[in-house]
Structure formats: structure tokens, C-alpha cells
2 protein chains.
Amino acid sequence: MRSFIVIGQTATASADFSLDDLPGSSGRLDVLLRCVRAALLYSHGLRADVRVYLVLRGGEEAPRVVRIDGATARFIRPDERSLALLVKKTLAAANDRAADEFVEIRPGVSLARGDLERVLLDLSGAALYLLDEHAPDLRSSPFGGRHDPPGAAYFLGDHHGLDPADRSRLATLGARAVSVGPRSLHSDDVVAILSNELDRWEASAP
Amino acid sequence: MRSFIVIGQTATASADFSLDDLPGSSGRLDVLLRCVRAALLYSHGLRADVRVYLVLRGGEEAPRVVRIDGATARFIRPDERSLALLVKKTLAAANDRAADEFVEIRPGVSLARGDLERVLLDLSGAALYLLDEHAPDLRSSPFGGRHDPPGAAYFLGDHHGLDPADRSRLATLGARAVSVGPRSLHSDDVVAILSNELDRWEASAP
């Protein structure tokens with residue numbers, strides 16, 4: 001199981017954003033939605049061994065976490081508007097719920113109140129990594145040996161990057177920082193490149 | 001200069017698609033738009049050394065080619081709807097033009113009538129590659145030595161892959177087929193992974 005956690009510093013936890021102006025009305029939820037596509041979808045398929053967590057820190061309902069589980073999710077489409085509609089319906093359906101646990105709202109799509117700590121509880125024991133453009137390159141770091149069982153979790157920031165407090169919290173838990181190369185890239189490109197590296201390792205594993 | 005050419009077998013060359021239903025109304029132009037983002041944008045920046053060609057084979061106005069030049073383009077936003085609007089306006093503005101040459105419609109965004117041959121003329125002498133999931137991995141192929149001056153051009157298919165006739169035409173021109181790893185991926189992920197590989201080479205070049 002691979003888990004990708006994208007922390008949206010401003011991405012809205014409320015359903016009151018406009019599908020016609022995602023960047024302007026959702027606190028840049030669009031950045032996170034593109035990560036969902038990159039993490040879960042490949043050509044004509046859904047990755048059953050991947051989970052994505054979106055940590056939503058914007059708006060009145062914040063903080064909340066949306067979790068999408070590739071093993072049970074259905075009808076995950078690649079285009080941004082479809083993904084936005086899925087998240088919008090998830091956030092709207094649960095407006096009257098105050099669950100601290102993840103509650104499944106649609107097949108494979110769950111919602112919980114909470115923030116980073118809510119995600120960490122759910123990850124229970126996974127090896128932790130955080131993506132940081134200034135960290136050692138994942139190809140040259142001792143990354144390979146640890147990534148597999150019992151599955152690892154990869155934390156990414158949004159267009160603002162990871163918050164210092166989050167970095168610090170993850171560091172106390174032993175998270176290792178890695179980068180994907182010489183450029184600072186969009187979060188979804190980082191997910192695509194990281195997924196490719198993991199695919200290669202799995203394909204070459206004995 | 002890196003050039004990415006995405007061939008849309010059904011992507012519309014007409015402006016009459018709906019921004020509210022891109023996948024359903026545009027012949028999957030959304031697939032190509034996501035490649036534009038992956039090719040041209042990095043964190044808070046536009047790649048000045050990259051050009052993207054979208055070969056549009058769907059609809060009554062087909063075939064047409066949209067070319068976006070990172071060196072002169074302005075206001076390229078990452079979200080799919082903004083990119084769709086840019087292409088829609090480009091296609092609409094030029095409805096009365098029948099240019100066989102590229103005509104700049106907006107800063108850095110040009111349009112021409114034509115198909116693959118129109119692109120090949122514009123590439124004039126670039127080394128050609130085509131992305132193919134069954135081809136040798138770019139990390140193990142003799143890919144590295146050829147990629148730089150005078151710039152290379154990378155051909156990708158859409159969700160249907162590359163057409164046999166296009167493969168055959170590119171092969172007669174000496175194009176080399178490469179893959180990006182063990183999985184069949186979305187076209188935009190292929191662009192992200194390929195761009196990362198090229199970034200690494202450029203960063204390590206003497």
C-alpha cells in the first residue's frame with residue numbers, strides 16, 4: 001500500500017466552491033485534485049494499492065481530511081472538474097456529520113474531521129517520507145530499502161510547500177525527506193515521478 | 001529546446017466544445033490539456049525552452065495544430081478549465097483563417113491547418129523520439145547521448161495511444177521509441193517523467 005498525503009494550506013474543507021472557478025473559489029483545491037489523478041490513475045486503470053489523503057485547511061469547516069482508497073473507489077475520472085465534483089459532493093453530504101473517524105461517503109471516498117494527526121493515526125506504522133525539493137535525491141538516498149512493507153506514506157505540500165510545523169512534526173516521527181530531482185515541480189508531477197520510481201522498484205523486486 | 005507533440009485522434013479542432021463537459025464534448029481534449037501543463041509549467045514558473053504541439057484530429061475543422069511556445073507564452077495557468085478556455089479562444093479566433101503556416105493568435109499560442117506533416121516541417125531537423133510503453137526504457141536505452149542540441153522532439157499519443165500510420169511515418173524518419181517504465185501511464189504523467197529525466201541530464205551535464 002502506498003499512501004500519498006497532500007496538505008492543502010488553503011484548500012477548502014467546505015462544499016461552497018464553484019466548479020467554474022476552482023483556482024479562485026476553492027483555495028487552490030485544484031492543486032490537490034491533480035494529485036489525486038496522478039496518484040490513483042494509470043492508463044485505463046485505477047491503482048488498487050494506493051490511498052490518497054487530502055488535508056483541507058481552508059474555509060469554515062476546516063480542518064477535514066478526504067481519503068480516497070484505490071481498492072474500493074469507483075468512477076474516479078481523470079478530469080479536474082469530475083474530481084472536483086466528487087470532492088464537493090463528499091464535503092456537502094457530510095455537512096451534518098462531525099465524525100472524528102473516517103466515514104465512507106461514497107464508494108472508497110471517506111471524510112473525517114481533523115488534520116495531520118488524523119492522517120497519522122490512520123497510517124498506523126507506515127514508513128514516512130516527505131517530499132522536499134532541497135532534500136537528497138530519491139535515486140541516491142537510502143530510499144529503496146525501506147519503501148515497501150508495510151507500505152510507506154509520502155507527504156507533499158501544495159503550491160506553498162509544506163508548513164514548517166508539519167515538517168517538524170513529521171521529523172519527530174522519523175520521516176525522511178527526499179526530492180525528485182533538480183527542479184521545483186508541481187505537486188502532481190512529483191506524485192507522477194515518485195509513482196514511476198516505485199513502479200520500477202516493484203517491477204525489479206525479486 | 002524540447003518539443004512535445006501530443007496527437008489527439010479525436011480531440012476537437014473546433015471551438016464548439018463545452019468547458020463544463022470537456023471529456024464528453026471535446027473528443028478528450030482534456031487529455032491533451034493536461035500534457036500542456038506537465039510540459040510547460042513547473043513550480044511558479046514557465047519553461048522557456050519548451051514547445052508543445054497539440055495535433056487535433058476531431059471535428060469539422062480538423063486537422064489543425066495548436067502550438068504553445070514557453071518562451072513567449074503568457075498567462076498559462078495550470079488548471080484544466082483555464083487551459084481549455086485558452087485553446088477554445090485560439091480555435092474560435094481563427095475560424096476565418098485557413099493558414100497553412102503557424103499564425104500567432106495570442107502571445108506564444110499559434111495555430112495552423114495541417115496534421116503531423118505540418119509539425120514535422122516546423123521541427124526542422126530535431127532528433128525524433130516516440131513514447132511507446134513496449135519500447136526500451138529510456139534509462140537503459142542510448143537515449144541520453146542524442147537528446148540535446150539541436151533539441152529533440154517527443155511524440156506521444158492520447159488515451160488511445162499512437163496510431164500505426166503515425167508510428168510508421170515517424171519510424172521512416174528515424175524516430176526512436178522509448179518507454180518510461182513498467183506501467184502504461186497517462187500521457188501527462190509520461191510528459192512529467194520524461195521532463196524529469198531531461199532535467200536531470202541537463203543538471204548533470206558538464
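How many residue pairs are in polar contact between chain A and chain B, with both at pLDDT 80 or more?

Reply: Between chain A and chain B, 23 residue pairs are in polar contact, both residues of each pair being at pLDDT 80 or more. The model is a predicted one, and the predictor assigns the complex an ipTM of 0.95 and a pTM of 0.96. For chain A the average pLDDT is 92, and 92% of the residues score at least 70.

On the side of chain A that touches chain B, at least two residues each are supplied by helix H2 (29-40), strand E2 (41-42), helix H3 (80-93) and helix H6 (187-204) of chain A. The largest share, nine residues, comes from H6(A). Sorted by class, that side has 18 charged, 12 nonpolar and seven polar residues.

As to extent, 37 residues of chain A are in contact with 37 residues of chain B. The size of an interface is often expressed as the accessible area lost when the parts come together. Here the area buried between chain A and chain B is about 3,400 Å², and carbon and sulfur atoms give 45% of this. Within chain A, the residues that lose the most area to chain B are Arg139(A), Arg183(A) and Arg200(A), together 19% of what that side buries.

Side chains of opposite charge can pair when their charged atoms come close. One bridge joins Asp188(B) to Arg37(A), at 2.9 Å from N to O. This pair crosses between chains, with Asp188(B) in helix H6 (residues 187-204) of chain B and Arg37(A) in helix H2 of chain A. Both Asp188(B) and Arg37(A) are buried. Another bridge pairs Arg81(A) with Asp20(B), their closest N and O atoms lying 3.3 Å apart.

Salt bridges also occur within chain A. Asp79(A) pairs with Arg77(A), the closest N and O atoms being 4.0 Å apart. Asp79(A) counts as buried because its relative accessibility is 4%, whereas Arg77(A), at 42%, counts as partly exposed. Arg118(A) and Glu101(A) form a further bridge, with closest N and O atoms 3.7 Å apart. That pair links distant parts of the chain, 17 residues apart: Arg118(A) is in helix H4 (residues 116-123) of chain A, and Glu101(A) is in the loop between H3 and strand E6 (103-106) of chain A. With 12% relative accessibility Arg118(A) counts as buried, but Glu101(A), at 52%, counts as exposed.

Finally, salt bridges that share partners join Arg28(A), Asp30(A), Arg34(A), Glu80(A), Asp188(A), Asp189(A) and Arg37(B) into one network.

Methods. Residues are numbered from 1 along each chain as its sequence is written. Chains are lettered from A and ligands numbered from 1 in the order in which they are written. Side-chain values use heavy atoms; hydrogens and water are left out. pLDDT is the predictor's confidence in each residue, from 0 to 100. Contact means heavy atoms within 4.5 Å. Buried area is the accessible area (1.4 Å probe) that two parts lose on being put together, summed over both. A salt bridge is a side-chain nitrogen of Lys or Arg within 4 Å of a carboxyl oxygen of Asp or Glu. A polar contact is a pair of N or O atoms within 3.5 Å; within protein, one must be able to donate a hydrogen and the other to accept it, and residues adjacent in sequence count only if both atoms are side-chain atoms. Helices (H or I, at least four residues) and strands (E, at least two) are DSSP runs, numbered from the N terminus. Ala, Val, Leu, Ile, Met, Phe, Trp, Tyr, Cys and Pro count as nonpolar, Asp, Glu, Lys and Arg as charged, and the others, Gly among them, as polar. Buried means under 20% relative accessible area, exposed over 50%, partly exposed in between (1.4 Å probe, protein chains only).
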